[in-house]
Amino acid sequence: MNKRAKMIKRRQHWLSKYKVAKGCCNCGYNEYALALDFAHLDPSQKSKEITKHGPCGSGIGKLYGRVSITDPIKNRRYLRELMDEVRKCKILCKNSHVKETFTNREMHNSWNTYRERKQESSNTLESFYE
């Protein structure tokens with residue numbers, strides 16, 4: 001296993017332990033990390049990286065997959081961004097997460113939310129250089 005894969009695996013392991021330690025906020029389930037999700041307390045505050053389409057998966061997975069083995073400064077920034085995103089979340093089991101996103105209509109409004117975020121970010125200097 002190469003160095004990058006080891007770093008990703010380490011981050012994934014830490015996040016799994018964190019999810020199991022916290023358990024579902026609604027029902028308390030904490031048996032398997034794979035059955036637990038990071039659910040944003042405020043979906044409109046999701047990181048721009050999470051909402052981008054790409055091959056790195058979705059949600060928090062996109063952030064822990066961002067690793068730089070050649071640039072330690074960039075790698076620390078990526079790790080900081082991951083931690084900041086985790087702080088914006090609560091832990092929910094898959095069932096509770098689906099119920100919540102359906103009830104608060106996030107599932108139905110995802111396209112509108114995506115367009116709003118894209119429009120907001122297109123007005124910044126940083127987006128000009130992306």
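A residue is called buried when its relative accessible area is under 20%, exposed when that area is over 50%, and partly exposed in between, with a 1.4 Å probe and protein chains only. The legends describe a predicted model, in which local features need pLDDT of at least 70, side-chain atom pairs count only at pLDDT 80 or more, and totals for chains, interfaces and linings use all residues. Residues are numbered from 1 along each chain as its sequence is written, and side-chain values use heavy atoms, with hydrogens and water left out.

View 1. Helices (H or I, at least four residues) and strands (E, at least two) are DSSP runs, numbered from the N terminus. Helix 1 comprises the 20 residues 3-22 and reaches 29 Å from its first C-alpha to its last, close to the expected 28 Å; the expected span is 1.5 Å times one less than the number of residues. Met7, Ile8, Arg11, Leu15 and Lys19 are the buried residues of this helix. They lie on the same side of helix 1 because they cover an arc of only 110 degrees around the axis, where the arc is that of the directions from the helix axis to the C-beta atoms. On the face turned away from this buried side are the exposed residues Lys3, Arg10, Lys17 and Ala21. The cover over the buried residues of helix 1 includes strand 1 (36-40), helix 3 (60-64), helix 4 (72-87) and strand 2 (89-93).

**View 2. The two ends of helix 1.** At the start of the helix, a side-chain oxygen of asparagine 2 comes to within 3.2 Å of the backbone nitrogen of arginine 4. Just after the helix, glycine 23 adopts a positive phi of about 75 degrees.

**View 3. An aromatic cluster of Trp14, Tyr18 and Phe38.** These three residues form one aromatic cluster. Rings of Phe, Tyr and Trp (its six-membered ring) pair if their centres lie within 6.5 Å; planes under 30 degrees apart count as stacked, over 60 as edge-to-face and the rest as tilted. By this rule there are two aromatic pairs. The rings of tryptophan 14 and tyrosine 18 are stacked, because their centres are 5.5 Å apart and their planes are at 15 degrees. Tryptophan 14 is partly exposed, with a relative accessible area of 39%, and tyrosine 18 is also partly exposed, at 26%. The rings of tyrosine 18 and phenylalanine 38 are stacked as well, with centres 6.2 Å apart and planes at 10 degrees. This pair links distant parts of the chain, since tyrosine 18 belongs to helix 1 and phenylalanine 38 to strand 1, 20 residues apart. Phenylalanine 38 is buried, with a relative accessible area of 12%.

**View 4. The surroundings of histidine 40.** Histidine 40 is found in strand 1 and counts as buried at 9% relative accessibility. Its side chain is joined to that of glutamate 85 by a polar contact of 2.5 Å. A polar contact is a pair of N or O atoms within 3.5 Å; within protein, one must be able to donate a hydrogen and the other to accept it, and residues adjacent in sequence count only if both atoms are side-chain atoms. Residues up to four places away in sequence aside, histidine 40 touches Lys46, Ile50, Glu85, Lys88 and Cys89, where contact means heavy atoms within 4.5 Å.

View 5. In helix 5 (residues 94-103), the buried residues are Ser96, His97 and Thr101. They line one face of the helix, because they fall within an arc of 125 degrees when seen down its axis. Asn95, Lys99 and Thr103 are exposed on the face turned away from the buried side. Just after helix 5, arginine 105 has a positive phi of about 65 degrees.
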